[in-house]
Amino acid sequence: MAVTETTTVSWGSRLGSSLKGVLVGLGLFIAGFPVLFWNEGNTVKTRKALDEGQGACVVVESNAKVDGDLDGKLVHMTGLADTKDVLTDDAFGIQTTAIKLARKVEMYQWIEESHTKEEKKLGGKIERTTTYTYKKDWRSGVISSANFKESGHENPSTMEFQDESQLAKNVTFGAYRLSESQIASIGRSQPYAFPTNYVCPVGRAVVNGSVLYVPNAETRNNEKNNRDVVAMPRIGDLRVTITQILPHKISLVAKQNGDTFGAYVAKNGKRVQLLVDGEKSMEEMFASAQSANTLMCWIVRLVGILLMYMGLSMVFRPLSVLADVLPILGDIVGIGTGFVAGVLAGICGLTTIAIAWIVYRPVLGVALLALVGGLVFLLMKKRAAKKAAAPKPAIDPALEA
């Protein structure tokens with residue numbers, strides 16, 4: 001079944017909302033400047049810290065014994081991250097010797113999906129039609145059905161079991177010990193293999209591969225209900241996925257502190273500490289860290305410019321709403337203001353990046369600032385050329401005489 005809801009938003013209401021949005025838009029636009037400026041400085045500082053760290057890093061061939069001569073130095077080591085800790089999930093009767101044990105719980109629930117279609121009307125009002133549809137699927141967390149548009153799609157208000165994870169407290173790395181933050185950085189998760197003689201403490205739970213299916217309370221309390229919970233799930237059933245991280249080889253770049261490790265602090269205050277799964281050389285680890293730093297820089301640049309664009313679009317929004325008295329005119333104005341917002345956001349964003357580069361990378365900063373200036377000059381020149389090429393109004397010969 002689907003429910004359709006139609007509402008009409010008046011031109012005056014839309015205009016009032018757009019005017020209120022101007023302040024929010026200004027806030028977003030202004031926020032873009034410090035985001036972009038900070039990002040450039042942070043990227044340069046991180047790159048310099050990594051360069052410094054790579055130059056100071058000592059490659060240690062074996063971590064079988066603690067070398068006191070390396071105390072306080074940045075070192076690179078590869079070896080087995082191992083533990084004897086036994087992690088347990090008492091609710092499901094699971095025990096494993098692992099670095100991490102995690103439980104992910106999903107519940108079979110009703111999901112409300114909505115699709116909205118807007119149609120502009122003469123006079124600036126909008127007719128908004130929203131269609132609500134319903135389906136069943138597995139989802140983490142409880143989806144409240146209290147505000148569903150259609151009754152008959154009730155979800156349980158709670159989940160019997162929640163997500164949970166445990167970390168080993170004692171993880172060795174050759175003759176060394178790993179810190180809590182380093183243990184948390186170890187990855188390479190894999191499904192837990194249930195033993196053939198496994199018996200789940202939760203009644204009528206079914207193992208299917210690496211997943212446990214737990215029937216809802218109604219089914220578990222009804223001995224005559226023998227439905228296949230895997231093939232025929234019902235609302236309230238739980239799907240529990242157990243994963244673990246077993247001992248394996250890792251590569252570490254960190255400052256040696258006795259028989260453990262900490263972060264290396266570069267001259268500019270940035271901390272350097274790298275941990276990856278598998279055997280990686282020191283050069284590979286620093287190259288990967290530099291690539292990640294560059295990628296993050298570009299992501300934040302896009303976010304900063306997008307903030308400016310969204311902010312300016314909201315500032316210009318009242319113009320298109322005013323023009324929506326004639327829908328086609330509003331569309332034209334909307335396209336125009338969107339283009340202007342994009343150009344201004346690009347210019348402001350590139351200018352901010354250029355100024356930051358002048359502070360942190362002077363040569364590149366001046367070059368980028370010159371590029372922005374050239375772009376502005378070309379836009380102004382093109383606009384002047386269009387005005388010059390525009391046909392002049394015809395003069396009546398009688399008036400000339």
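Tutor: Happy to! Let's begin with a term: a nonpolar patch joins side chains such as Leu and Ile that lie within 5 Å, each from a residue with over 30% relative accessible area and no salt bridge. Keep in mind that this is a predicted model. Here, Leu122, Leu326, Ile328, Leu329 and Ile332 make a nonpolar surface patch of about 540 Å². One of these residues, leucine 329, sits in helix 5, which covers residues 327-360. Leucine 329 has a relative accessible area of 39%, so this residue counts as partly exposed.

Now for the charged side chains. Side chains of opposite charge can pair when their charged atoms come close. One network of salt bridges links Arg14, Lys120, Asp324 and Asp331. In another salt bridge, the side chain of glutamate 118 meets that of arginine 128, at 2.7 Å from N to O. Glutamate 118 belongs to strand 6 (residues 100-120) and arginine 128 to strand 7 (residues 126-139), so their pairing ties together parts ten residues apart in sequence. Both ends are partly exposed: glutamate 118 has 45% relative accessibility, and arginine 128 has 28%.

For a contrast, look at arginine 227 and aspartate 237, whose closest N and O atoms are 2.8 Å apart in a salt bridge. Both residues lie in the loop between helix 3 and strand 14, ten residues apart, and both are buried.

Key: Residues are numbered from 1 along each chain as its sequence is written. This is a predicted model: local features need pLDDT of at least 70, side-chain atom pairs count only at pLDDT 80 or more; totals for chains, interfaces and linings use all residues. Side-chain values use heavy atoms; hydrogens and water are left out. Patches are made of residues with over 30% relative accessible area and no salt bridge: like charges are joined within 9 Å, nonpolar side chains (Val, Leu, Ile, Met, Phe, Trp, Tyr) within 5 Å. Accessible areas come from the Shrake-Rupley method with a 1.4 Å probe; for residues, only the protein chains shown count as cover. A salt bridge is a side-chain nitrogen of Lys or Arg within 4 Å of a carboxyl oxygen of Asp or Glu. Helices (H or I, at least four residues) and strands (E, at least two) are DSSP runs, numbered from the N terminus. Buried means under 20% relative accessible area, exposed over 50%, partly exposed in between (1.4 Å probe, protein chains only).
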